[in-house]
Amino acid sequence: MLADLHCHSNVSDGLLPPGAVAARAAANGVTLLALTDHDNTDGVAEALAAAETHDGLTVLAGVEISVAWRSVQVHIVGLNVRCENAALQAGLAGIRSGRIDRGRRMAEALAKAGIEGAFEGAMKHCETPDTLSRAHFARFLVDVGKAPNVRSVFERYLVPGKPGYVEHVWASVEDAVSWIRDAGGVAVIAHPGRYDFRARLFDTLCGHFQDCGGEAIEVVSGSHSVDQTRRMAQVARRFSFLASCGSDFHGPSESYVDLGQLPPLPEDLTPVWHALGFA
Ligand code: AMP
Ligand code: MN
Ligand code: MN
Ligand code: MN
């Protein structure tokens, strides 16, 4: 089993179409892949169809839901969701409808910092307008020479306290977990090492997530250091969370970690795919 349960296509802010993501995963030896676009499941059908042509690859329907908790953006991945579920789709549509409005406010904030044309410039990078993301704005800022690459954009722009960042009302943790569970899926705290919470506050988030019905945490993530992986393994043990792993791959030129290129989960943890019926 080589599982990669977190990645993006150009249905959200990834660079490759869903079928190409599945093909690349298969070429890298991945046997279980979840496509988890931001607030959108529209790429899943194409990824599932592509998996049919690659022996040994199973694709799961997934989604990465944007939520706010204590004014911080937190991401909750849903694995093995029924995409046709009405509650899930209504919830995701609600989040997406806010993205265009937020994009306009981000462009206004960038204009105040002397950078014009950001909305149109970001939209040029966005295949599906209602998933307009900070990643699309980051690509625009690279285009106009504000930073050498997308990773370095986020050191100077688009994050709290920097030009282009605006507050936004996303879904709640409770909403996201309930939509995922209503759709038959398992809820996972995405890339927990990235959140800037003190340990006690992070424990409060984990407890709240669990009270809402959340069952898993990404212990191994493309954005985790060795130390973050070790700490999140401890969190999984303390809360008896299932353990997930995902590259968070967005594209060959933008991601540190390619599809499937992840260290194994610590052996004492229960992999989330056991709960999904995979040995
Ligand atoms: P949004 O959901 O529109 O707020 O955008 C969040 C997306 O921006 C993430 O999913 C990443 O693709 C990208 N992003 C955010 N922070 C960073 C960062 N520090 N480095 C690289 N990409 C980032
Ligand atoms: Mn992204
Ligand atoms: Mn994320
Ligand atoms: Mn992601």
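User: In this model, how many Å separate an oxygen atom of ligand 1 from an N or O atom in the side chain of H38?
Analyst: The model is a predicted one. H38 is among the residues around ligand 1. A pair of N or O atoms counts as a polar contact within 3.5 Å. From an oxygen atom of ligand 1 to an N or O atom in the H38 side chain, the distance is 2.9 Å.

User: What share of the area that ligand 1 exposes when taken alone does the protein bury?
Analyst: An oxygen atom of ligand 1 lies 2.9 Å from an N or O atom in the side chain of H250. Taken alone, ligand 1 exposes 500 Å². Of that area, the protein buries 80%.

User: Which elements give two or more residues to the shell around ligand 1?
Analyst: Ligand 1 takes up the space of the largest pocket. The residues of its shell comprise two nonpolar, four polar and four charged. Those giving two or more residues to this shell are α3 (86–112) and α5 (134–143).

User: Which strands stand at the edges of the sheet, and why is one side of each left without a neighbour?
Analyst: The open sheet has seven strands with mixed pairing, in the order β1-β2-β3-β4-β5-β6-β7. Each edge strand has a single partner strand, so one of its sides has no neighbour in the sheet. These edge strands are β1 (3–4) and β7 (242–246).

User: Which residue in β2 does A3 stand opposite?
Analyst: β1 pairs with strand β2 (residues 32–35) in the parallel sense, over two bridges. Opposite A3, the residue in β2 is L32.

Methods: Residues numbered from 1 in each chain as written. Chains lettered and ligands numbered in written order. Predicted model: local features only at pLDDT ≥ 70, side-chain atom pairs only at ≥ 80, totals over all residues. Heavy atoms only, no water. Near = heavy atom within 4 Å. Polar contact = N/O pair within 3.5 Å; in protein donor to acceptor, adjacent residues only side chain to side chain. Areas by Shrake-Rupley, 256 points an atom, 1.4 Å probe, with all protein chains shown as cover. 1 Å grid on protein atoms, 1.4 Å probe; cavity = no way out; pocket = protein on both sides within 12 Å on 5 of 7 lines; lining within 4 Å. Sits in = over half its atoms within 2 Å of the grid points. Helix = DSSP H or I, 4+ residues; strand = E, 2+ residues; numbered from the N terminus. Nonpolar A, V, L, I, M, F, W, Y, C, P; charged D, E, K, R; others polar. Pairing = 2+ DSSP bridges.
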